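Thanks for coming, everyone. Let me put the structure up, and then we will walk through the sheet, its helices and the core.

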Amino acid sequence: MRLRNVQGAKEAIDRNEFVIKEPRCQKGHWNELFGTDAPIDIEVGMGKGRFLITLAQQNPEINYVGIEKFSSVLIRALEKQNELRLPNLYFLREDATELTEFFGKSEVDRIYLNFSDPWPKDRHAKRRLTSKEFFARYNQILKPEGEVQFKTDNRILFDFSLGQIEEAGWETSCITYDLHHSEYAEGNVMTEYEEKFSKKGNPICKLVARRNMKNV
């Protein structure tokens with residue numbers, strides 16, 4: 001899907017106080033930025049930010065970092081954060097392949113992946129955020145007891161992800177092919193895409209992945 005260019009988005013993001021301009025300098029020091037030793041949860045590919053902003057509002061005791069590489073999308077999250085000014089929420093306009101440059105070893109408690117780009121062509125499999133290559137990155141920044149939560153309406157991507165988790169030496173503690181009609185529905189925070197797809201009748205798949213502690 002081609003994203004519509006938003007005039008002035010890049011410049012507005014560059015000026016915004018809630019966007020970290022030199023994330024490599026924050027590596028290992030995120031709690032200093034937030035001013036607390038609270039857990040740090042991140043969302044990779046956060047889109048317009050509805051999901052993460054809701055979590056930050058509901059959980060002031062947790063710090064959040066949203067990562068989005070497209071200025072035309074990130075600007076929408078910033079518009080909302082400019083109004084709310086949540087102290088436990090910052091953003092990065094960066095590519096997810098650089099995650100290990102932005103976060104130190106065991107610095108992150110939880111990673112959210114919501115309706116990620118499926119990259120349908122086989123030759124692009126390594127670009128999928130649930131590929132074993134990305135799980136190797138998550139392995140470096142997550143705490144030993146940390147987890148990855150993934151939601152999608154794309155069954156092919158979901159099944160691919162389950163296979164990659166096993167190959168990466170991780171385990172799943174939650175798997176559902178119809179989240180909204182499952183035991184895991186309570187407390188679920190919907191994203192923009194989730195609401196859209198659900199209204200169309202698409203079942204939402206969800207999994208939670210944790211490392212096999214024997215391999216940590």
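One definition before we start: two strands pair if DSSP finds at least two bridges between them. Helices (H or I, at least four residues) and strands (E, at least two) are DSSP runs, numbered from the N terminus.

Now the ground rules. This is a predicted model, where local features need pLDDT of at least 70, side-chain atom pairs count only at pLDDT 80 or more, and totals for chains, interfaces and linings use all residues. Residues are numbered from 1 along each chain as its sequence is written, and side-chain values use heavy atoms, with hydrogens and water left out.

Start with the sheet. It is open, has seven strands with mixed pairing, and runs in the order E3-E2-E1-E4-E5-E7-E6. What stands at the edges? E3 and strand E6 (170-176) do, each with a single partner strand, so one side of each has no neighbour in the sheet. On average, neighbouring strands are turned by 20° against each other, direction ignored.

Take E6 and its partner. Six bridges join E6 to strand E7 (residues 205-211), and the two run antiparallel. Here Glu-171 stands opposite Arg-210 in E7.

Now the other end. E1 and E2 run parallel, joined by five bridges. Asp-41 stands opposite Tyr-64 in E2. From E1 the chain crosses through H3 to E2, and this β-α-β crossover is right-handed. Right-handed has a definition: with the strands pointing away from the viewer, the path from the first strand over the helix to the second runs clockwise.

E2 and E3 are parallel too, with four bridges. Tyr-64 stands opposite Leu-89 in E3. E2, H4 and E3 make a right-handed β-α-β unit.

Is E2 covered or open? Mostly covered: five of its five residues are buried. Buried means under 20% relative accessible area, exposed over 50%, partly exposed in between (1.4 Å probe, protein chains only). In a regular strand the side chains alternate between the two faces of the sheet. In E2, Asn-63, Val-65 and Ile-67 point one way, and Tyr-64 and Gly-66 the other way.

On to helix H4, residues 71-84. How does its span compare with expectation? The expected span is 1.5 Å times one less than the number of residues. For the 14 residues of H4 that gives 20 Å, and the end C-alpha atoms are 20 Å apart, which agrees. The buried residues of H4 include Val-73, Leu-74, Ile-75 and Leu-78. The buried residues pack against helix H1 (9-15), helix H3 (50-58) and strand E3 (89-92). After H4 comes Arg-85, with a positive phi near 55°.

Next, the core. A nonpolar core is a set of buried Ala, Val, Leu, Ile, Met, Phe, Trp, Tyr and Cys residues joined through side-chain atoms within 4.5 Å. The largest one has 56 residues, and Ile-42, Phe-103, Ile-111 and Tyr-138 touch the most other members. Contact means heavy atoms within 4.5 Å. Leaving aside neighbours within four places in sequence, the contacts of Ile-42 include Val-65, Ile-67, Leu-99 and Phe-103.

Last stop: Phe-115, in the loop between E4 and H6. Phe-115 is buried, at a relative accessible area of 11%. Leaving aside neighbours within four places in sequence, Phe-115 has contacts including Lys-151, Tyr-193, Phe-197 and Ile-204.

Methods: Axes are lines fitted to C-alpha atoms, for helices over the stretch in contact, and angles run from 0 to 180 degrees between N-to-C directions.
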